[in-house]
Amino acid sequence: MEGNSSLWKNLINEHPVCTIWKEEAEGAVYHLASVLFVVGFMGGSGFFGLLYVFSLLGLGFLCSAIWAWVDVCAADIFSWNFILFVICFIRFVHIAYQVHSITFAREFQLLYSSLFQPLGTSLPDFRTIAMSSEVVTLEKEHCYAMQGKTSIDKLSLLVSGRIRVTVDGEFLHYIFPFQFLDSPEWDSLKPTEEGTFQVTLTAETDCRYVSWRRKKLYLLLAQHRYISRLFSVLIGSDIADKLYALNDRVYIGKRYHYDIRLPNFLQMSSPEMSKSSLTEHFQNSRRYCDK
């Protein structure tokens, strides 16, 4: 403690106080370095944010080194600033190489720019997602899944083409690019459960889709919390879109739309329920909502 107190005494009390201050300002290079430091520390996160930070900080340290060499003529100040400039330059080159080395197939580029990039997903995170998947081609009139026969063992996202969804031969809705093919089936099962498709999915055109194997995707979601939240949001939104697509096709009596958000929709829309009972329930629900 006595040593620390004596150190502070030497720094504060015994250190010579500046009695004469320079009247003239430092050169433009010094002020330019300060501006670059201020702007550089305002950078964001992610790859491009790091490129922004290290580029401006590197230029700032370079200007400081020039100022120390030309104006101050101090070898120690010049050495430290030049070393920091070299470190920033090396980091900038390394990060730029990482960004340049991340390349994807055309399907993944479309998928990233259309779906994942608007959600703020970084390239490294998307690379992790892409490396766990595969791109598959489905020819026209070929089935992705058959009702009651195909097991639910993967999750797929359509990139190009159009898929027709039917149940017992009756058309339900279409699946368009950048929509999941089997999000309801994925959401309906726990990781330890198994099941089969309750609908048939048929390609109306030549299709390309990205597919993740079920067990491999569960492992990926368990290892990466951000990716798990991302897929939860995407799957939930996709299921909601499919439900609204079904809702657009349901009419009862006098061309009324039946809202799938009303209670007991699944029970009331079963084949055993007569149309008159369904209409009566719909009208009662409308009165309840009006109140």
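Author: UniProt positions are given in the numbering used here, feature names are shortened, and annotations may be inferred rather than shown by experiment. The unreviewed UniProt entry places the feature "transmembrane region" at residues 47–70 and 77–97. This is a predicted model, in which local features need pLDDT of at least 70, side-chain atom pairs count only at pLDDT 80 or more, and totals for chains, interfaces and linings use all residues. Residues are numbered from 1 along each chain as its sequence is written, and side-chain values use heavy atoms, with hydrogens and water left out.

Reader: Why are the rings of Trp212 and Phe231 called an edge-to-face pair?

Author: Rings of Phe, Tyr and Trp (its six-membered ring) pair if their centres lie within 6.5 Å; planes under 30 degrees apart count as stacked, over 60 as edge-to-face and the rest as tilted. The centres of Trp212 and Phe231 are 5.4 Å apart and their planes stand at 90°, so this pair is edge-to-face.

Reader: Why is Trp212 called buried?

Author: Buried means under 20% relative accessible area, exposed over 50%, and partly exposed in between (1.4 Å probe, protein chains only). Trp212 has a relative accessible area of 1%, so Trp212 is buried. Phe231 is likewise buried, at 1%.

Reader: What makes Trp69 exposed?

Author: Its relative accessibility is 60%, and therefore Trp69 counts as exposed. Phe78 has a relative accessible area of 23%, so Phe78 is partly exposed.
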